[in-house]
Amino acid sequence: NNQTELLRRKLEISVRGDNVPEPVLSFSSCNLPQRLLQNLEASGYEMPTPVQMQAIPAALTGQSMLVSAETGSGKTASFLVPIVSHCTKLKNNPQKPLAMVLEPTRELCIQVEEQAKLLGKGLPFKTALVVGGDAMAGQVYRIQQGVSMIVGTPGRLIDLLAKHDFELDSISILVLDEVDCMIERGFREQVMQIFWALSQPQVLMFSATVSKEVEKVASSMVKDFSVISVGKPNK
Ligand code: ADP
Ligand code: MG
C-alpha cells in the first residue's frame with residue numbers, strides 16, 4: 001500500500017516481487033525469541049539498519065531473495081537473525097544442521113561465526129566452521145556432535161562433503177553471502193554443486209552489487225525470488 005511505499009522510499013529501499021512484507025522499524029516487531037532480542041541489545045544493535053528492516057521480515061516468511069546493499073550496511077545480521085530465530089523456534093535436539101552459510105573467504109566465515117555466537121548466546125544454537133587452514137577432522141567431529149548452522153567456504157565444503165556423508169536434508173536455509181565476490185573468485189560451480197546437494201532450501205543471497213551474472217546464479221537456483229535493493233543503485 002501507499003504507506004509501505006512511502007516508508008520504503010524514505011529508507012531508500014526498492015523491492016521487486018509480490019510477497020515482500022513491509023519493513024519493520026524495530027527488532028521487537030519481528031516476533032523473535034526473547035533471548036535473541038536481548039542478544040541484539042547486548043551487541044549494541046538498538047535499531048535495525050535499513051537493509052535489516054526489510055530483509056529480516058522478508059526472510060522470516062520463508063521466501064528466497066536477492067539482497068543488495070553496500071558494504072557495512074548490516075547484511076550479516078539480515079540473515080543471522082532469521083537463522084537464529086528459525087533454528088531456535090523449531091525443536092532441534094539433538095541439533096541437526098538447519099542452515100548453511102557460504103562465504104568467499106575464511107576470514108569472513110570466522111567473522112560471521114563470531115557474530116552468530118553473540119546472537120545465539122544462551123540459545124540452543126551451535127555452529128560449525130568449515131574452512132581451510134584447520135584440520136578437517138575437527139570440523140567433521142564438530143558437525144557430528146550436532147550443530148544448527150554450518151559456515152564455510154565453497155571449496156572446503158565440497159572437499160568435506162566428498163569425503164563424509166553428511167545428512168543435509170535438514171538444511172532449509174542456504175545463505176550465499178557476497179555472491180558477486182564468490183562469482184568473481186570462480187566459485188560459481190562449487191556453489192551450484194552445494195545447492196544441488198540440498199533439498200530445495202530457501203536461498204538468501206547477499207551482494208554489494210547486482211550484475212547479470214548474479215541474477216543468473218539466482219535464477220538457476222530458484223524460480224521465484226524477491227529482489228531487495230537498499231541505497232542508491234551503484235554501477
Ligand atoms: P555488511 O555485511 O553489509 O558489509 P556487516 O553486517 O558486516 O555489514 O555490518 C557492518 C557493521 O555494522 C558491523 O560492525 C556490525 O556489527 C554493525 N551493525 C550491523 N547491524 C547493526 C545494527 N542494527 N546496529 C548497530 N550496529 C550494527
Ligand atoms: Mg557482509
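In this predicted model, Pro 154, Gly 155, Leu 157 and Ile 158 of helix H7 meet Gln 190, Val 191, Gln 193 and Ile 194 of helix H9, where contact means heavy atoms within 4.5 Å. Sorted by class, this contact of H7 with H9 holds five nonpolar, three polar and no charged residues. Here Ala, Val, Leu, Ile, Met, Phe, Trp, Tyr, Cys and Pro count as nonpolar, Asp, Glu, Lys and Arg as charged, and the others, Gly among them, as polar. The axes of H7 and H9 (residues 188-197) come within 9 Å and cross at roughly 45 degrees. Axes are lines fitted to C-alpha atoms, for helices over the stretch in contact, and angles run from 0 to 180 degrees between N-to-C directions. H7 and H9 are therefore oblique to each other; angles under 35 degrees count as roughly parallel, over 145 as roughly antiparallel, 65 to 115 as roughly perpendicular and the rest as oblique. The crossing of H7 and H9 is left-handed, a term for a near helix turned anticlockwise from the far one by less than a right angle, with right-handed used if it is turned clockwise. Helices (H or I, at least four residues) and strands (E, at least two) are DSSP runs, numbered from the N terminus.

H7 (residues 154-163) also packs with helix H6 (residues 136-144), at an angle of about 70 degrees and with the axes 11 Å apart. H6 and H7 are therefore roughly perpendicular to each other. Met 136, Gln 139, Val 140 and Ile 143 represent H6 in the contact, and Arg 156, Asp 159, Leu 160 and Lys 163 represent H7. Four of these residues are nonpolar, one is polar and three are charged.

Another helix pair is formed by H3 (residues 50-60) and H4 (residues 75-89), whose axes come within 9 Å and cross at roughly 30 degrees. H3 is therefore roughly parallel to H4, and their crossing is right-handed. On the H3 side the contact involves Val 51, Gln 52, Ala 55, Ile 56, Ala 59 and Leu 60, and on the H4 side Lys 75, Ala 77, Ser 78, Val 81, Pro 82 and Ser 85. By class, the contact of H3 with H4 comprises eight nonpolar, three polar and one charged residues.

Now to the ligand. Of the 14 residues around ligand 1, those that come nearest are Tyr 45, Met 47, Gln 52, Gly 72 and Thr 76; a residue is near a molecule if one of its heavy atoms lies within 4 Å of it. Polar contacts are pairs of N or O atoms within 3.5 Å; within protein, one must be able to donate a hydrogen and the other to accept it, and residues adjacent in sequence count only if both atoms are side-chain atoms. A side-chain N or O atom of Tyr 45 is 2.7 Å from an oxygen atom of ligand 1. For Lys 75, a polar side-chain atom lies 2.9 Å from a ligand 1 oxygen atom, while Ser 73 has a polar backbone atom 3.2 Å from an oxygen atom of the ligand.

Two loops deserve a look at the backbone. Glu 12, in the loop between helix H1 (2-10) and strand S1 (13-16), has phi near 55 degrees, a positive value in a residue other than glycine.

Residues are numbered from 1 along each chain as its sequence is written, and chains are lettered from A and ligands numbered from 1 in the order in which they are written. As the model is predicted, local features need pLDDT of at least 70, side-chain atom pairs count only at pLDDT 80 or more, and totals for chains, interfaces and linings use all residues, while side-chain values use heavy atoms, leaving out hydrogens and water.
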